[in-house]
Amino acid sequence: MNERLIFLTNDDGFDSRGMEVLIDIARRFGRVVVVAPERPQSGMSHAFTMLSPLFIRKVREEEGLEVYALSGTPVDCVKVAFDYLLRERKVDLVLSGINHGSNSAVALLYSGTMGAAIEGSFYDCPSIGLSLTDHRPDADFTAARIWGERIVRDVLEHPAPLPLCLNVNIPAGAPETIRGIRVCRQAQGLWREQFVCRQDPHGRDYLWLTGEFVNDEHGAEETDEWALTHGYVSVQPVQADQTDYRRMEEMRRLFDR
C-alpha cells in the first residue's frame, strides 16, 4: 500500500456520486480520509461555522479508507480534518469534488467545492477542486474519472512549489469527445439572476432563484469557458490573493495625498 495520505471533501455531501468516483481515484494513490458535509452545501463558498457546534460521525471504514460526515460546510470539513482529526499526520494531497456542475468563471467565487480546495492549500498541501459540467442526477462520470486520475497523478509525480490550488473543470460527454487539457484563466462574466415569486399552499409568497451565466469573452481562447465549450478540460491555477494589482497605482494617485 502506498503510504501517501489523501484527504477528500466536497459540497454535495458525503454520499454523493461524485464523491464515490473521487474515492475510487484517490485510492489508487494512497490511504484516503474523507470528511464531507452531512447534507449538500452548494454555494457556501468559504463559509465556516462559528456560532453553533459541529457534529461528526464515522460512516464507513475499510482498509485504506475512512469516511466521516460533518454537520458543517465544506470549509468546516477541511478545518476539522487538519486541525483535529488529522492534526498529527501529514496530508499529501487535498481533493474536493467531484462536483455536479461547472465551477468555471465567476462560479469559482460561490463554489463550496473550491472554497474547500482553497482552504486546503492554506495548510501547505497541494489542493485540487474537480467539477463535471453536468448537473443531472444521472450524470456520466466516466470522463471525470479518467481525466481526474490523470491530473492527480501528474500533480503527485511532479511536485510544484506551494501553495498550489487548481480549479479543474471537465466537460460533460463521452471520454473520447474530450480533446485534451488547457491551462486557463478565469473567464470574465456574471450570473444574471432572476427571482420567481410564487405562493405556497398557505398563500405565503416565496422566492425561487433562477438565472443564467453571461460570458463577456466569447472569443477569448485562453479562458476556462472557451476551453469547456470546445471540448477541453480546463485547469486554472487559483490563489487566495484577490488584490487587483492593475489598479494599485491608480488608487495610490487617488488616495495617497
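**Note on the sheet and salt bridges**

1. D154 is partly exposed, with a relative accessible area of 33%. In this predicted model, the side chain of D154 forms a salt bridge with that of R150, at 3.8 Å from N to O. R150 is likewise partly exposed, at 41%. Both residues belong to helix α5 (residues 142-157) and sit four residues apart, about one turn of the helix.

2. A second salt bridge joins D200 and R204, with the closest N and O atoms 2.7 Å apart. Here D200 counts as buried, at 18% relative accessibility, because the cut-off for buried is under 20%. R204 counts as exposed, at 53%.

3. The sheet is open and has nine strands in the order β3-β4-β2-β1-β5-β6-β7-β11-β8, with mixed pairing. Its edge strands, β3 (56-62) and β8 (180-183), each pair on one side only. From one strand to the next the twist averages 20°.

4. K58 is opposite Y68 of β4.

5. E62 is partly exposed at 37% relative accessible area, and R27 is partly exposed at 30%.

6. E62 and R27 are part of a network of salt bridges that also takes in E20 and R60. Across the whole structure, the search finds 19 salt bridges.

Methods
Residues are numbered from 1 along each chain as its sequence is written. This is a predicted model: local features need pLDDT of at least 70, side-chain atom pairs count only at pLDDT 80 or more; totals for chains, interfaces and linings use all residues. Side-chain values use heavy atoms; hydrogens and water are left out. Two strands pair if DSSP finds at least two bridges between them. Helices (H or I, at least four residues) and strands (E, at least two) are DSSP runs, numbered from the N terminus. Axes are lines fitted to C-alpha atoms, for helices over the stretch in contact, and angles run from 0 to 180 degrees between N-to-C directions. A salt bridge is a side-chain nitrogen of Lys or Arg within 4 Å of a carboxyl oxygen of Asp or Glu. Buried means under 20% relative accessible area, exposed over 50%, partly exposed in between (1.4 Å probe, protein chains only).
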